[in-house]
Amino acid sequence: MSTLEIRNLQVSVDTENGAVEILKGVDLTIKSGETHAIMGPNGSGKSTLAYSIAGHPKYTITGGSVTLDGANVLEMSVDERAKAGLFLAMQYPVEVPGVSVSNFLRTAATALRGEAPKLRKWVSEVKDAMEALSIDASFAQRNVNEGFSGGEKKRHEIMQLELLKPKIAILDETDSGLDVDALRIVSEGVNRAKDANNLGVLLITHYTRILQYIKPDFVHVFANGRVVEEGGPELADKLEAQGYAEYVGN
Amino acid sequence: MSVLTTNILVPHGREEDWRFTPLNRLKGLHDGSAAVAEHRSLSMDSEVTPGVSFERISRELLLSLSLTDDAVMNRVRELSSDVAVLKIAANTEVSSPIHLSRKTFDLNAAEFSRVLIHVGSNARATVILANTGDTLLAEEIEFKVESGAHLTFVTLQEWDAKTVHVGKHHAIVDKDAMFKSITVTIGGSVVRLLPTVEFTGPGADAQLIGVYFATAGQFFEHRIFVDHCVPNAKSRVNFKGALSGDKAHTVWIGDVFIRANAEGTDTYELNRNLLLTDGARADSVPNLEIETGEIVGAGHASTTGRFDDEQLFYLMSRGIAIEDARRLVVRGFFSEIISEISNTEIQDRLMQRIDNELSKVGA
Ligand SMILES: Nc1ncnc2c1ncn2[C@@H]1O[C@H](COP(=O)(O)OP(=O)(O)O)[C@@H](O)[C@H]1O
Ligand SMILES: [Mg+2]
């Protein structure tokens, strides 16, 4: 049983015109087995929240706290956060030239498990994970995210989620740019990871579409760098009907 | 001290061709002050197969194939009493790579070495020259690739720390022939190499690729020249370099000359440098001179940058520690070129050396 606690988190980014405050005090608690949807308009700070939890160097934490089972996440390096059990499926997964998917996955698994996985077992583990997400076997020899389509990148993120078995996963607009089939495949992957590892999920999305496949226990509406409304799944239905207009007026 | 029979202009450093090179570290290779070594380090490690021969021929019997105004190369021609000649007879297909090597430990006297690699028409071969040891070497390798022949030449500078190596690798590529060179420079104190190509028949193809990795205090210069002096020839140049540590210095010059008669030329050259730490310097000068507009394409690109924070973040967000993430990125950067060497043992050895250099500086 794990708990990710975000308390009054304030984050700014450095710009040419000085630091700009983006997160203005975010409170969220995510426990193992729970699925929280964060919904909000573009530019409201959703990715900033995701990156800040993962430790991206671009963001400066100016206040508040993030803890995982009481441990101070904000003091951890990026890799330590992953080792502590956090995972971020990125909105824009990064291309790493010359590094094969297979080498990348094995290096990551070795780092997270503390020892190199047994080769035989690992090969079949990867094969199964790829098949489950309809990723062609040839992708193992491709360079990480290089030349992948938008949908392929997202499936590759969820494959990592299944292989690396985190405690809490943040999925940043994993649904965007996916057609119906890909959305279903990706959602099934997330649901498998939930079932297999009692994963806690922070599902960031702009649209309600993915919530038909991944059922949220809680919905948080995000606007202007903070949570402005919270509720159960019925809140998503309200957003579907009314949009974000009510929340974005300043 | 050697006695010179011709006047060789000693470079002083202001000449265009020498302006980056630290002449004071050349141990006299350029000005005649170096003692001349007796040894001939080049040896052939592969079995001699039918159609392949390796022998030394008196220099009087073998004139140089190309002109040069390079001071060090003229000294090589002056001072080497014989020429090592590797010959692949016409129509011979050599199935496995021919391994040549130099391995000398002598920093007191300089070797002046002339080499000719002659590939007869329609022959095919790969030649791998591995340089190890710690030595002073001035070297001229001329390649004659006859019509329709294919030659791949891999040259590995895996020297120890004090080596000074100045070399010119000049390929003369005839009609419909293909010359590919893979140049790897990861060891030595000063290495200055001139991979150059001259086409002698239409439809010729040259691909010059390479990697270099300079750490603190090392100077590696690669000065490429492709002379498009015939119609319908193609050339590709792609060099990638990484630098780390104080006063690591690399120079890449890519000169491509498309002469007035070289219609249908297709050329592209690329140089990418990765600066891993402060205090290192990468000079990169692509230079395209075009005398005819009737070409298929001509272009160049040059970039020098640091570690990509997004790449490191992505890898680390999967639990990979920063040192391992950097190692992956650097290996990935080089693998485009290293993977072209058709020998996994050598690939692994080079990657291992690159890892070692990387961990030395704690980059
Ligand atoms: N590096 C940056 N420089 C300036 N503004 C930034 C930077 N990164 C993000 N922002 C701004 O922060 C706000 C939130 O961005 P983001 O977290 O990506 O929103 P979302 O993911 O909800 O679309 C936006 O207004 C965006 O323009
Ligand atoms: Mg976003």
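Predicted model: local features only at pLDDT ≥ 70, side-chain atom pairs only at ≥ 80, totals over all residues.
Ser47(A) sits in helix 1 of chain A, and Gln91(A) in the loop between strand 6 (86-89) and strand 7 (96-100) of chain A, so the pair ties together parts that are 44 residues apart in sequence. Helices (H or I, at least four residues) and strands (E, at least two) are DSSP runs, numbered from the N terminus.

Ser47(A) is buried at 19% relative accessibility. Gln91(A) is buried too, at 13%. Buried means under 20% relative accessible area, exposed over 50%, partly exposed in between (1.4 Å probe, protein chains only).

Now turn to ligand 1. Its surroundings include Ser44(A), Gly45(A), Ser47(A) and Thr48(A); a residue is near if one of its heavy atoms lies within 4 Å. Helix 1 of chain A gives the largest share of this shell, three residues.

Look at the oxygen atoms of ligand 1. One is 2.5 Å from an N or O atom in the side chain of Thr48(A). A backbone N or O atom of Gly45(A) lies 3.0 Å from a ligand 1 oxygen.

Residues are numbered from 1 along each chain as written, chains are lettered from A and ligands numbered from 1 in written order. Local features need pLDDT of at least 70, side-chain atom pairs count only at pLDDT 80 or more, totals for chains, interfaces and linings use all residues, and side-chain values use heavy atoms, without hydrogens and water.

Technical notes:
Polar contact = N/O pair within 3.5 Å; in protein donor to acceptor, adjacent residues only side chain to side chain.
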